[in-house]
Amino acid sequence: MEPRLSHHAALCILTLTFFTASCQNKAPTEVKTETPVQELKPVTFTAEDLKENLKNKEAMTKGRGVYSAKCASCHGGSGEGGIGPNLCDDFWLHGGLPNQIATTVYNGVKDKGMIPWGQILTREEILQVASYVASLRGKSTPGGKPPQGTKEERPQ
Ligand code: HEC
């Protein structure tokens with residue numbers, strides 16, 4: 001009686017293992033085909049372009065609009081941080097100069113949850129929102145996310 005029972009049990013386990021394995025093999029293939037690979041639109045911008053925008057009231061207003069629509073969900077309504085870092089302090093993971101900010105926004109940060117906005121926004125929008133983010137620096141955000149990264153001098 002006993003050997004028969006264990007034979008049965010072994011068959012059961014074998015069948016179970018087979019089913020679990022076939023399920024696990026299937027899932028990733030399905031996900032892969034649903035995720036299209038998008039290229040970054042090739043754009044160029046210089047530190048000067050960013051400087052111009054910082055002085056341009058209309059560009060800054062547009063930048064604030066892009067920020068509220070696309071960035072506030074992760075970086076907070078006033079840049080105080082949340083899922084993403086605090087954008088009002090003097091600490092930066094990827095550089096706090098306006099053109100460094102634009103570069104981070106354009107490329108995103110792979111595997112860290114920062115979207116490559118170069119796939120989504122126009123060059124103008126990236127410059128506008130980067131200038132707006134640069135202008136947040138030094139704004140007081142009580143209860144904001146604690147600093148992350150390296151302390152940097154404020155650009156003149
Ligand atoms: C889905 C969440 C999410 C959204 C939406 C998002 N970000 Fe981010 N962002 C992050 C995360 C997470 C990081 C931190 C990346 C890391 O750890 O390297 C980050 C980093 C950054 C940084 C670098 C900060 C530093 O310390 O160097 C900037 C600048 C930035 N985001 C700007 C933006 C702007 C502008 C937008 C809107 C166009 C935006 N982000 C939208 C999640 C987001």
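**Packing of helices α4 and α5 in the predicted model**

The axes of helix α4 (residues 98-107) and helix α5 (residues 123-136) come within 9 Å and cross at roughly 125 degrees. Axes are lines fitted to C-alpha atoms, for helices over the stretch in contact, and angles run from 0 to 180 degrees between N-to-C directions. α4 is therefore oblique to α5, a class left over once angles under 35 degrees are called roughly parallel, over 145 roughly antiparallel and 65 to 115 roughly perpendicular. The crossing of α4 past α5 is right-handed; this term applies if the near helix is turned clockwise from the far one by less than a right angle, and left-handed if anticlockwise.

The model is a predicted one, in which local features need pLDDT of at least 70 and side-chain atom pairs count only at pLDDT 80 or more, whereas totals for chains, interfaces and linings use all residues. Residues are numbered from 1 along each chain as its sequence is written.

On the α4 side, the contact is made by P98, I101, A102, V105 and Y106, and on the α5 side by I126, L127, V129, A130, S131, V133 and A134. Two residues are in contact if their C-beta atoms, placed from the backbone, lie within 7 Å. The residues of this contact comprise 11 nonpolar, 1 polar and no charged, where Ala, Val, Leu, Ile, Met, Phe, Trp, Tyr, Cys and Pro count as nonpolar, Asp, Glu, Lys and Arg as charged, and the others, Gly among them, as polar.

The buried residues of α4 are P98, I101, A102, T104, V105 and Y106, and they pack against α2 (47-55) as well as α5. A residue is buried if 20 or more other C-beta atoms lie within 10 Å of its own, exposed if 12 or fewer, and partly exposed in between, with C-beta atoms placed from the backbone. In the protein, buried residues make up 25% of the 156 residues.

After α4 comes G108, with a positive phi near 70 degrees. D111, in the loop between α4 and α5, also has a positive phi, near 70 degrees, although D111 is not a glycine. D111 is exposed, because 6 other C-beta atoms lie within 10 Å. E39, in the loop between α1 (2-34) and α2, is exposed with 8 such atoms within 10 Å. The C-alpha atoms of E39 and Q119 are separated by 6.4 Å, while the two residues are 80 residues apart along the chain.

Overall, the protein has 5 helices and 2 strands, in the order α-α-α-β-α-α-β. Helices (H or I, at least four residues) and strands (E, at least two) are DSSP runs, numbered from the N terminus.
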